[in-house]
Amino acid sequence: MTTADVAAPTAAKTALEVRDVSCAIGRRTILAGVDLEVRPGEVLGLVGANGSGKSTLLRALAGVRPAARGEVVLDGVPLSSMRSRERARRIAFVAQEEAAPADLLVVEMVALGRVPHLRASGGMDDESRAAVEEALRLVDLEHSAQQPLDRLSGGERRRAVIARGLAQGAPLLLLDEPTNHLDIRHQLDLMRLVRSLGKTVVVAIHDLDLAATFCDRIAVLHDGGVFACGTPDEVLVPHVLHDAFGVLATRVTHPLTGRTHLLFSHDEREQHP
Ligand SMILES: Nc1ncnc2c1ncn2[C@@H]1O[C@H](COP(=O)(O)OP(=O)(O)OP(=O)(O)O)[C@@H](O)[C@H]1O
């Protein structure tokens, strides 16, 4: 992936407000009374144990699964009052798992990101073609553009789906575990790319070290709500990590970079399998 020459941020900054949002699946409440502010141009990480509601919250932020209660407000406009085409121009959502026809070409998958921009006359204009090319280049897949998706590895397919989100050209990017399936180099490249875009980003991520390195702020989901929210140094602290994940965390300083990293171990006072 090429990140060294990513264009300087030009995207309009956009802000998101989550006001007293509750999300339910069937009769079960997954999240209750969530308040969260996503500031213009920041990268906000969503972390939490499996099942803590990260994907559920991202779907509510994307308007894919509207909140059962409360409001998500994008630049002062409630999502519930936006037409889906307008929403898709302003919010790009890359879900955790996406099914796509196996014989779809990579370039065709990425071009789907341009659908909200197509005119009634149909067809891709030069701007859309350029956006697709640029997105493929950013995720290092320009040489695989004409491959069917089922000929790609899991990590390459993941990058193709992320390229579709980039091609969409929306100022707000919602990413659900974008580094899943990626090798360590591509994980670092992708997170660096995400930071360099100048967009407002909300990213659900399991790797707390990546979150600490690349996110401006982190929200920890636990017990049906936002348990802690702040800078990585404020939030990724032993007592929060113990309560949210049930592990012991030790902060250590990298001997070369001086950055803080986290080491984890079981809390031996508890029963573990
Ligand atoms: N389609 C569904 N039907 C019923 N329950 C669901 C469904 N999708 C999610 N859930 C439940 O909602 C809760 C939150 O799930 P969600 O996927 O939002 O968590 P998550 O934090 O993203 O988890 P993970 O880290 O495992 O991806 C979980 O308990 C899950 O079992």
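Which residues in α4 meet A163, L166 and A167 in α5? The model under discussion is predicted, so local features need pLDDT of at least 70 and side-chain atom pairs count only at pLDDT 80 or more, whereas totals for chains, interfaces and linings use all residues. Residues are numbered from 1 along each chain as its sequence is written.

The residues of α4 that meet those of α5 are A131, V132, A135, L136 and L138, where contact requires C-beta atoms, placed from the backbone, to lie within 7 Å. The contact of α4 with α5 divides into 8 nonpolar, no polar and no charged residues. Here Ala, Val, Leu, Ile, Met, Phe, Trp, Tyr, Cys and Pro count as nonpolar, Asp, Glu, Lys and Arg as charged, and the others, Gly among them, as polar. Helices (H or I, at least four residues) and strands (E, at least two) are DSSP runs, numbered from the N terminus. Two packed helices are described by the angle between their axes and the distance between the axes. For helix α4 (residues 126–138) and helix α5 (residues 154–167), the axes come within 8 Å and cross at roughly 140°. Axes are lines fitted to C-alpha atoms, for helices over the stretch in contact, and angles run from 0 to 180 degrees between N-to-C directions. The helices α4 and α5 are therefore oblique to each other; angles under 35 degrees count as roughly parallel, over 145 as roughly antiparallel, 65 to 115 as roughly perpendicular and the rest as oblique.

The strands come next. L74 stands opposite V77 in β5, and V73 has P78 as its bridge partner. The hairpin of β4 and β5 likewise has 2 residues between its strands, and D75 in the turn has a positive phi of about 50°.

A second open sheet contains 6 strands in the order β6-β7-β8-β3-β9-β10, and its pairing is mixed. Its edges are β6 (91–94) and β10 (225–230), each with a single partner strand, so one side of each is left without a neighbour in the sheet. From one strand to the next, the twist averages 15°. Strand β3 (residues 43–48) and strand β8 (residues 200–204) run parallel and are joined by 4 bridges; G45 stands opposite V203 in β8.

The ligand is surrounded by I25, I30, G48, N50, G51, S52, G53, K54, S55 and T56, a residue being near a molecule if its C-beta atom, placed from the backbone, lies within 6 Å of it. Helix α1 (residues 54–62) contributes the largest share of this shell, 3 residues. By class, the shell has 2 nonpolar, 7 polar and 1 charged residues.

Key
Contact = placed C-beta atoms within 7 Å. Pairing = 2+ DSSP bridges.
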